[in-house]
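I opened this one for a friendly look around, and these are my notes.

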Amino acid sequence: MEIVLDGLPLARRLTRASALLDITGLEVRYGGIAALRGVAISILPGQGVALLGANGAGKSTLMKAIIGLVRAAAGEIRFDAVPIGSLRPDRRARRGIGYCPEGRRVFPGLTVAENLAVACWGDVARKTDEMFALFPALAARRASPAWQLSGGQQQMLAVGRSLMNAPRLLLLDEPSLGLSPLLTDEVIGRVPEIVAGGTSVLLAEQNAAKALSVCDVAYVLKTGVVTAHGPAAALAASDDVRAAFLGG
Amino acid sequence: MLALQLLFNALALGAAYALVALGFVLILNATGAVNFAQGDLVMAGGYGGLVLARMLPVPGVVLLPLLMAGMAALGLMVALVAYFPLRRRPPEAVFISTIAIGIILQNGTNILFGPELARTPALLGDGEFRWLDGVGGGLVVSAQSVAIIVVAALLIAGLHLLFSRTQFGRRLRATAQDREVASAIGIPVDAMVAATFAVGVALAGAAGLLLARGFFVTPNDGGNYMLKAYIAVTIGGWGSIPGAVAGAALIALFEVVFPALPALVPALGGPAFSQNGATIVLDALILVILVARPQGLFGEASKARA
Amino acid sequence: MKRIAACLLLTAAASAAHAASVTLPVLVPLTGFLAVEGASQRNGAILALSTPPAGVTAKYDVSDTGVSPEVAVNALERAAGDKPIAVVAPMLGTQMLAMLPVAMEQKIPLLTISGTAAITRQGNPYIFRFFPDDATTKIAQVRFALENKGVKKPAVIYQTTAYGQSGHAEIVNALKKAGIVPVYEEALDVAVKDMAPVLAKARAAGADSLIVHLHGGPSALLLKAAAASGLGLPIIAGSGLSQPSTINLLEPAELAGVCAETSSSPVSAESPAMQGFLDAYRRKFNADPDGFALAQYDGTMMALEAVAKGATTPAALTQALSSGSYAGLAMTYKSNGRGDMAHSAVIICYDGKSRIPKVVAHYTNAAAD
């Protein structure tokens, strides 16, 4: 028997109450076109969540809606049970959401160390050392302007930057884009470490196999709608997902 | 001796122009919009110095921090009135609104102070040092010129420290380079943009106080300073801070040293070295720079971004 | 003031029968690059209009014509609706050229102090210019340089503006008539800040003097630079230097030995009547008058005196101005048949101790045709 309270099943209510991020009925429109429709996602503390979907499925839009770079036409976004849909991006970031944008977008004229420092509101020196421990390749380039870094180093820097304020939720948007398989491993391979440190991760990836291998749960987006979600292992085994993303 | 004198004059003029160009480029970087009121804000700084001097009979160097604080407040007002309401419109909207601010400043100073030439108090005093009188006219170094160079150098050094050593300054730069990402990593970009207007306009005001002693000020002076800033930033690299300083120095050299070359080297002469010729040569040089190096002399960062 | 008062009494007695109320709008540039001179023009006109000859009441509105011809034409067309007896018209030549056809159509006399030669060469009977043209003032400047300063190898420094070009042509022309060619010439943009290069080149060219035709601000910058570098050459400047507000920015020592041409020098108060004008002007405007203010005062007064004598329609006033002669404070005004009323200029010199110049020479352009 299902217990229903205030129109919601109790099990769902419990999830909502304990969820770090809880999105319901999210709709985002670009002009007249709906980029996301009725999206519902829940992320628990310490959970690694993969967001799968083809190019144009709405993964980046969902990331931007969570951090606040695009406005939701409908629906609710709760972080720590508090609605954040009307807050500016910087307010959301300061509440504990780290954002690593698609295409890296490091600050080109700032040095590596400066790129890290601007994103930190705590002990800059300590957090910078942590990032250099996580990505040793960056330590050697700490004084170089970011535009001089290789693509892989820039991606590490972008991830590091999004971790500088010790977020409880990290939004990683396509970190493997344009990277060699080796570098992709180097970057995405850090996700379990980050999750183990207590930060939940929402990882948007076209490389589904890689994403599923480092996450606990996955959602599949297709033309702006969540078409499947469940434990990563189960989705990896699902025929639909295999057909769509894993090349058979 | 004449060469030394001219180089010194160029240095003093270039130092003041550099402050004008820096204020311009800071706002350009933070907003992506050209602030066409920058020249008129320099002019307003001159009159601001005049008003302060009437209230407080102290040397200009004491008035400078007060003036800069007042101009910073004016910068916030410019941001609130001319930038924030229009920031989601095409950049042309901000061009027009800053032009409007310039016209308001021009007419406002005309009503308040009249159209006559005015001048601000000296930074330290009106003394001058003379060396080697009789040797090719000697070298005359006015206290005002020395003070301009020192004050401008301190302001530029202070700006450099602000931008490289403080979180606030680094975040201003981050905001200028990618506003969307800056806000997504927690930087309150609107406050940063407003602060940039405050700093940029404070620099314009400082330049106004420095320039309006030796070169006077009238309500119509803004257009000329605007042109200097624009040229300096174009030469140095659209958005480059060291480039703006170098561009300002180059303009001053072309105004002061280049047209005097025939007096230094008798073999040189002809229309190219007239005062107007020098302007034409500088303009031609700008064209060459734009064709050969479109990013300007110091435009590396922006090149990497493109 | 005494003489003005005496004049008022006399005219009151003579013209009691012609009590008249006239409208005489003041259209002058109060913003833009001619704002300083335009304010002088306005003040001169207002001082005359507010102290008209007995029996005459003058109504006037002041309009800013800025710097564009369109604004000036619109202002004149608006003013025409009030049936004015005449209009004080802007000193900016391009505005005057645009307004002339309108004045012709509306049959309104224009009282101006524009120096642009062309405005009285249009065959328009409604233009009256109370300021000496460039030929008159520049001939005075060159004659003084040659006759009093013994100049043989002058450097000529002028502005790139229309004002500067026109004056430069007259200077070179007048020098040529005396068989002298400048050893150095340079045209300066109004934005030029550092005058050191120009002075260095003049010195290198072996100049024995500077004949200067610059606007007020650049003139002041040039004198400052000349004093700082110890140039030590005679400087004969143009009327740009005669602006009292400009002179106030220079130290008396920086003015030592400097002379300049101008239409008149009210601050020098050569006569008691001039002293009266100076006092009245200072009381009313809390500023010192320049040659423009006095010229416009004289011109407006000539028109008001004609009204007092019965010229109470625009047609009658036009007739009176084109045929009459008037002893103003600066000089005697009489039309040459084209509406040029002023034919004299003065040379003023500074002694290095005071900012008040002495009038050292008067020149009347005998060739005024």
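I count two residues as in contact if their C-beta atoms, placed from the backbone, lie within 7 Å. This is a predicted model, where local features need pLDDT of at least 70, side-chain atom pairs count only at pLDDT 80 or more, and totals for chains, interfaces and linings use all residues. Residues are numbered from 1 along each chain as its sequence is written, while chains are lettered from A and ligands numbered from 1 in the order in which they are written.

**Chain C against chain B.** I found 31 residues of chain C in contact with 29 residues of chain B. Which helix gives the largest share of the chain C side? Helix 7 of chain C does, with six residues. Helices (H or I, at least four residues) and strands (E, at least two) are DSSP runs, numbered from the N terminus. By class, I noted 17 nonpolar, nine polar and five charged residues on the side of chain C that touches chain B. Ala, Val, Leu, Ile, Met, Phe, Trp, Tyr, Cys and Pro count as nonpolar, Asp, Glu, Lys and Arg as charged, and the others, Gly among them, as polar.

**Domains of chain C.** The bounds come from an automatic or database domain assignment, which gives domain 1 (2-132 + 269-338) and domain 2 (134-262 + 346-364). I see their C-alpha centres 29 Å apart. Nine residues of domain 1 of chain C are in contact with 13 of domain 2 of chain C.

**Chain A.** I looked up its secondary structure: 12 helices and 12 strands. Its C-alpha trace spans about 60 × 40 × 40 Å along the principal axes.
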